[in-house]
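Student: Could you show me how to read a few features of a protein model? I would like the general idea, and then the case at hand.

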Amino acid sequence: MFKRVNDLKNIAVDQREILVEFVRTDKSINTIYIDWPQGSPQNPLTMDEIYVKLAHALSIDENELFDILTAGLASKSVAGLLNIIARI
């Protein structure tokens with residue numbers, strides 16, 4: 001089971017760590033602190049990882065997403081890109 005808790009310490013944003021708690025089926029709890037989680041400014045995602053996440057969020061194939069974005073950029077207009085994205 002996972003849940004999000006807003007328990008940030010009163011320190012600088014670039015020094016915050018993430019607390020991850022794992023509650024097992026036997027009710028035992030494991031706690032891990034992660035200093036720079038993937039996707040944070042100090043550990044950013046690569047463009048490939050961003051494509052994978054966006055494709056997953058949109059429930060489409062990564063290659064289809066690439067084709068859609070490429071076609072939108074080729075249209076050289078924001079309206080063209082938005083029209084292509086609206087097809088998703």
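**Reading backbone and contacts**

Tutor: Let's start with Lys27, which is exposed, at a relative accessible area of 67%. Buried means under 20% relative accessible area, exposed over 50%, and partly exposed in between (1.4 Å probe, protein chains only). This is a predicted model: local features need pLDDT of at least 70, side-chain atom pairs count only at pLDDT 80 or more, and totals for chains, interfaces and linings use all residues. Residues are numbered from 1 along each chain as its sequence is written, and side-chain values use heavy atoms, with hydrogens and water left out.

Student: Where is Lys27 placed?

Tutor: Lys27 sits in the loop between strand 1 (18–23) and strand 2 (29–34). Helices (H or I, at least four residues) and strands (E, at least two) are DSSP runs, numbered from the N terminus.

Student: How do I read phi?

Tutor: Most residues other than glycine have a negative phi. Lys27, however, has a positive phi near 75°. Ser59 also has a positive value, about 55°, although it is not a glycine.

Student: Where is Ser59, and is Ser59 buried or exposed?

Tutor: Ser59 lies in the loop between helix 1 (47–58) and helix 2 (62–74). With 65% relative accessibility, Ser59 is exposed.

Student: Which residues does Val20 touch?

Tutor: Contact means heavy atoms within 4.5 Å. Val20 lies in strand 1 and touches Asn30, Thr31, Ile32 and Ile34, not counting residues up to four places away in sequence. Val20 and Ile32 are twelve residues apart in sequence, but 5.2 Å apart in space, C-alpha to C-alpha.
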